[in-house]
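Dear colleague,

Please find the structure below. My notes on what was found in it follow.

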Amino acid sequence: MVEKEEEKEIELTRLIHKYLRHDKKFPTVWCPGCGNGILLSALIRAIDRTGWDKNEIVMVSGIGCIGRIATYCDFDTLHTTHGRALTFATGIKLANPELKVIVVMGDGDATAIGGNHLIHAARRNIDITAIILNNSIYGMTGGQYSPTTDYGRKATTAPYGTIEHSFDISRLVEAAGAPFVARGTVFHARMLDRLIEKALLKRGFGVVEVISHCHVYYGRLNRMGSAVDMLFYQRDHVVQVEKAKDKDMTGKFTIGVLIDKELPVYAEEYEHIRKKARGEVEVIEKVEKVAAERPHEEL
Ligand SMILES: Cc1ncc(C[n+]2csc(CCOP(=O)(O)OP(=O)(O)O)c2C)c(N)n1
Ligand code: SF4
């Protein structure tokens, strides 16, 4: 048992040294107990398992507490303007489709000011992984309600409870056309890294909605208790997607892989159009056809 614990610690130290700017940027700005740290560790575990070279990865984040994640990661990183992380990421991917582009956003960043970019990135099927940390509030700016704050819940801008109805982020991106959508929680930390790994390896726009907690604002204003109480809240309100059929889902949400399908990817289609415009496609298609018919001949 002790040996196992030691092994885990060694593994964690290895990941910290390999992937984080541990000697320059820590401690984080995050409040003790915030779910952001759990996401950070799940993310580096998932990245490590892909086997990707660090130099192939670009991490892009927006503004918000979770937006600071890019500061702590030792990849090529871009900490962009609020709501625009996906637009910067799209530019990077189109300029160099070989890069693995990971975008991390908060619920406010992704679905309020950046909502437009989110639905269009999903619709276009840009080959990017988008991780959306959903803590149901604007953490960084002091607890204003966001598009994911549940009806009736309190925020600093809704002291009597919000009268707006919340988005279901996963269903939103599914409806917009994303070929891979998963939802996890920071309570289910081990499952979370598996979901992120799947999204990273997915060809196309992969979205992972991560249900988390901001005990400092959302928790306090809505009397939900400590960070630990809020983690237990997540535990008690989820159903694994495979077990959700015929279950009463009132007040609950599903976790797991919600959508996984194949669709043409934007950067490849775009390259094809460029070749067509330059008159090169016909030639390439002809060469390929001849090669298939006469595999052993010199062309
Ligand atoms: C153009 C612009 N509008 C508004 C802001 C102020 N602002 C900074 S962070 C933030 C909300 C962050 O909330 P969320 O994306 O949910 O992330 P969290 O802090 O909860 O992790 C806002 C509105 C800004 N920085 N830039
Ligand atoms: S304000 Fe909320 S979201 Fe931001 S670091 Fe603190 S607990 Fe986390």
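In which loop is Asp-246 found? Asp-246 is in the loop between β9 and β10 (253-260); helices (H or I, at least four residues) and strands (E, at least two) are DSSP runs, numbered from the N terminus.

This is a predicted model, in which local features need pLDDT of at least 70, side-chain atom pairs count only at pLDDT 80 or more, and totals for chains, interfaces and linings use all residues. Residues are numbered from 1 along each chain as its sequence is written, chains are lettered from A and ligands numbered from 1 in the order in which they are written, and side-chain values use heavy atoms, with hydrogens and water left out.

Backbone

Asp-246 has a phi near 65 degrees, a positive value in a residue other than glycine. With 77% relative accessibility, Asp-246 is exposed (over 50% relative accessible area; buried is under 20% and partly exposed in between, with a 1.4 Å probe and protein chains only). Arg-223, in the loop between α9 and α10, also is not glycine and has a positive phi, near 50 degrees. Its relative accessible area of 78% makes Arg-223 exposed.

The peptide bond from Phe-26 to Pro-27 is cis, its omega being near 5 degrees. Pro-27 belongs to the loop between α1 (2-19) and α2.

Helix α10

In α10 (residues 227-236), the buried residues are Ala-227, Met-230, Leu-231 and Gln-234. These lie on the same side of α10 because they cover an arc of only 105 degrees around the axis, taken from the directions from the helix axis to the C-beta atoms. An α-helix has 3.6 residues a turn, so residues three or four places apart point the same way. The buried residues of α10 pack against α2 (36-50), β7 (180-185), β8 (206-211), α9 (215-221) and β9 (238-240), where contact means heavy atoms within 4.5 Å.

With kind regards
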